[in-house]
Amino acid sequence: MAAYLSIENVGIAFTGDKGTFRALDDVVLRIDKGEFVSIIGHSGCGKSTLLNIVAGLLQATEGGVLLEGREVDTPGPDRAVVFQNHSLLPWLSVYDNVRMAVDKVHGKTKSKAERHDWTLHNLSLVRMDAAKDKKPGEISGGMKQRVGIARALAMEPKVLLLDEPFGALDALTRAHLQDSLMEIHGRLGNTVIMITHDVDESVLLSDRIVMMTNGPAARIGQILDIDLPRPRSRVELADNPHFNHLRAEVLRFLHGHSPARAA
Amino acid sequence: MTMVSKIAEAKPDMAQVTPYKPAGQPSAAVKKAREIASRVLPPVLGLAVLLGIWQLACSGPNALLPGPIKVVQSTWPLIADPFFDHGGVDKGLFWHLFASLKRVAMGFALSSVAGILLGVLVGQSTLAFRALDPIFQVLRTVPPLAWLPISLAAFRQADPSAIFVIFITSIWPIILNTAVGVRNIPQDYRNVALVLRLSPIEFFFKIVIPATVPYIFTGLKIGIGLSWLAIIAAEMLIGGVGIGFFIWDAWNSSLMSEIILALVYVGLVGFMLDRVITVIGKMLSN
C-alpha cells in the first residue's frame with residue numbers, strides 16, 4: 001500500500017559563490033496518515049531543508065515528494081507550516097492573522113459566519129481566544145507560537161509541518177506547548193512532521209524519530225519507533241525505563257554523529 | 001491542605017496597603033505645570049534670543065535688512081488680512097500659499113502613486129532593479145530647477161510644468177525607500193504568502209504594502225520636503241500666483257520685509273507638511 005506522504009530519494013544541492021554544496025542525499029521516508037514523525041539532527045544537518053522541500057518552499061534537485069500519490073513541488077495550504085519564529089504578520093491582530101488564512105483556504109467552502117466561528121474555534125484549541133484582539137507585538141513568544149499553530153491548524157492541512165516550533169522558547173513554556181500539541185494531535189489525529197533538536201521533545205511527542213547524519217550530503221541515519229502508549233504524560237514517563245531507553249538511543253546516535261567527533 | 005490555607009490566610013491583604021508617600025512632595029498639578037513649562041520655555045527663549053540678535057544686528061541707521069519689529073510694522077496689512085483678492089497677482093498671502101500648495105498636492109500625489117508602484121517593481125524584481133536602478137541613481141541627482149526648461153518646452157504652460165518639476169523632484173526618494181522596504185520584507189512573510197497561495201494582487205495589498213509602510217513614509221517625508229523646496233524655486237521663474245513668485249515680485253520691488261514675512265510662512269508650511277506626513281504614517285503603521 002502506498003504511504004500517505006512519501007519522500008522519494010530526495011537530494012538537494014545549492015550552487016553558491018563557493019561552488020556546489022550538497023545538503024541532502026537520497027532521503028527516503030514514508031509517513032502514514034495520523035502519524036507524528038520527528039526529524040532530529042545537529043544544526044546544519046539539513047533537517048529544515050528537508051521540511052522546506054516537503055512544504056514546497058524549496059525544490060529538490062533529485063527525487064520528489066508525493067502526498068496521497070500526487071507529486072507536490074509548490075507550497076500550499078495542504079502542507080501548512082508552523083515556522084520557528086512564528087512569522088505572524090505584526091500589523092494584524094491575533095484573530096486577523098488566523099482569519100486571513102481561514103478566508104484564503106475556506107473562502108469558497110464556508111460562509112462568512114462559519115469562517116468567523118472556525119477562526120475562533122482554532123484559537124480556542126490553542127487557548128488564545130481571550131487574546132484574539134491583541135497584536136503579535138503585545139503577546140509573549142509562547143503565545144505567538146500558539147497563534148502560529150492555530151493558523152496552521154485552521155487551514156486543515158493534510159500534513160502539519162513544524163519547523164523547530166518551540167526552539168526559541170523557555171523550558172516551561174516549551175513544556176506547556178508540547179502538552180498542548182500532544183493533546184491536539186490526540187484529538188484531531190493530524191499527520192505531523194516536526195523538526196527538532198530536543199531529544200526529550202522528540203521522544204515525548206513522536207511515533208517515529210528520524211535521525212539525520214551530519215551534512216554535507218546528510219541522509220537518514222536511523223529511524224526509531226517510539227512505541228510508548230498514548231496518551232502520554234511527561235510526569236509519568238520521567239521514570240519509565242522504556243522512555244529512558246529510547247531517549248538514550250537518540251542521544252547515543254546524536255553523540256556518535258557529533259560534529260566534533262566527525263571533524 | 002490545611003497548611004496551604006493557613007499560609008494564604010496569613011498573607012496581608014495587598015489592597016489595603018497604602019503606597020508610601022513622603023510629606024512635602026509637590027502635588028500632581030504643580031508637577032504637571034513644571035513638566036509643561038520645561039517643554040514650552042526653552043523654544044520660547046530660543047526664539048526670543050534669535051529675534052533679539054536680529055533686532056540688534058539690523059538696528060543701525062545703515063542696516064541693509066529690516067529688523068523684526070520693522071518687518072511686522074511694514075507688513076502688518078499682509079499679516080492682518082491674508083485673504084484679500086484685488087485681481088491678478090495682487091492677492092493675500094493665503095491665496096499665494098494656497099496656489100503653491102495646490103501645485104505641490106497635484107505633483108506629489110502623482111509622484112506618490114508612481115513612486116510606490118515603481119519602488120515595489122524595483123524592490124520585487126531583480127531584473128527591474130538591474131535595468132532601472134542605474135537610471136534612478138543618475139536622475140535623482142539632477143537639481144529640480146534643471147528640469148524646468150525641458151518641462152516648459154514639453155508642456156508649453158506654466159502650471160503643468162511646475163507640477164512636473166514637483167513630480168520629478170519628489171519621486172526618487174519615494175521609489176528608493178519603497179524599494180528598500182520591499183527588499184527588506186522578511187522571508188517569513190513571503191513564506192506565509194506562498195503557503196497560503198496568495199495571488200500577486202493579494203500579496204501586494206496584504207503583505208507588501210503593510211510591511212513597507214514605514215519605508216514608504218520615510219520616502220514620502222523626504223519627497224514632500226523636496227517638493228516644497230522645488231515649488232518655491234520653480235514659481236520664481238514661471239510667475240503667476242504662488243508664494244515663490246510673491247517672493248520674487250517683492251524682491252523686484254525691493255520690499256525686504258515682505259520677503260522675510262513670506263520666508264516665515266514658507267518655513268511654517270513646510271514644517272506643517274512634514275508633520276502631516278509623519279502623523280499619517282504613524283496612524284497607518286499601527
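At what angle do helix α9 and helix α11 of chain B pack, and how far apart are their axes? The views below, all taken from a predicted model, begin with this pair.

**View 1. Packing of helices α9 and α11 in chain B.** Helix α9 (residues 200–238) and helix α11 (residues 256–284) of chain B pack at an angle of about 165°, and their axes are 10 Å apart. Because angles over 145 degrees count as roughly antiparallel, α9(B) is described as roughly antiparallel to α11(B). The crossing of α9(B) and α11(B) is right-handed.

**View 2. Residues at the contact of α9(B) with α11(B).** From α9(B), the residues that take part include F217(B), K221(B) and W228(B), and they belong to a set that meets residues of α11(B), among them V269(B), D274(B) and I277(B). Sorted by class, this contact of α9(B) with α11(B) comprises twelve nonpolar, three polar and two charged residues.

**View 3. The open sheet of chain A.** Four strands of chain A, in the order β2-β1-β4-β5, form an open sheet whose pairing is antiparallel. At its edges are β2 (19–31) and β5 (70–71) of chain A, each of which pairs on one side only. Strand β4 (residues 62–67) of chain A is joined to β5(A) by two bridges, and L67(A) stands opposite R70(A) in β5(A).

**View 4. Helix α1 across the sheet strands of chain A.** Helix α1 (residues 47–55) of chain A lies across β1 (5–16), β2 and β4 of chain A, and runs at about 115° to β1(A). An unreviewed UniProt entry lists residues 5–239 of chain A as "domain: ABC transporter"; over these residues the chain is 34% helix and 26% strand, with the end C-alpha atoms 34 Å apart.

Technical notes:
Residues are numbered from 1 along each chain as its sequence is written. Chains are lettered from A and ligands numbered from 1 in the order in which they are written. This is a predicted model: local features need pLDDT of at least 70, side-chain atom pairs count only at pLDDT 80 or more; totals for chains, interfaces and linings use all residues. Side-chain values use heavy atoms; hydrogens and water are left out. UniProt positions are given in the numbering used here, feature names are shortened, and annotations may be inferred rather than shown by experiment. Two strands pair if DSSP finds at least two bridges between them. Contact means heavy atoms within 4.5 Å. Axes are lines fitted to C-alpha atoms, for helices over the stretch in contact, and angles run from 0 to 180 degrees between N-to-C directions. Angles under 35 degrees count as roughly parallel, over 145 as roughly antiparallel, 65 to 115 as roughly perpendicular and the rest as oblique. A crossing is left-handed if the near helix is turned anticlockwise from the far one by less than a right angle, and right-handed if clockwise. Ala, Val, Leu, Ile, Met, Phe, Trp, Tyr, Cys and Pro count as nonpolar, Asp, Glu, Lys and Arg as charged, and the others, Gly among them, as polar.
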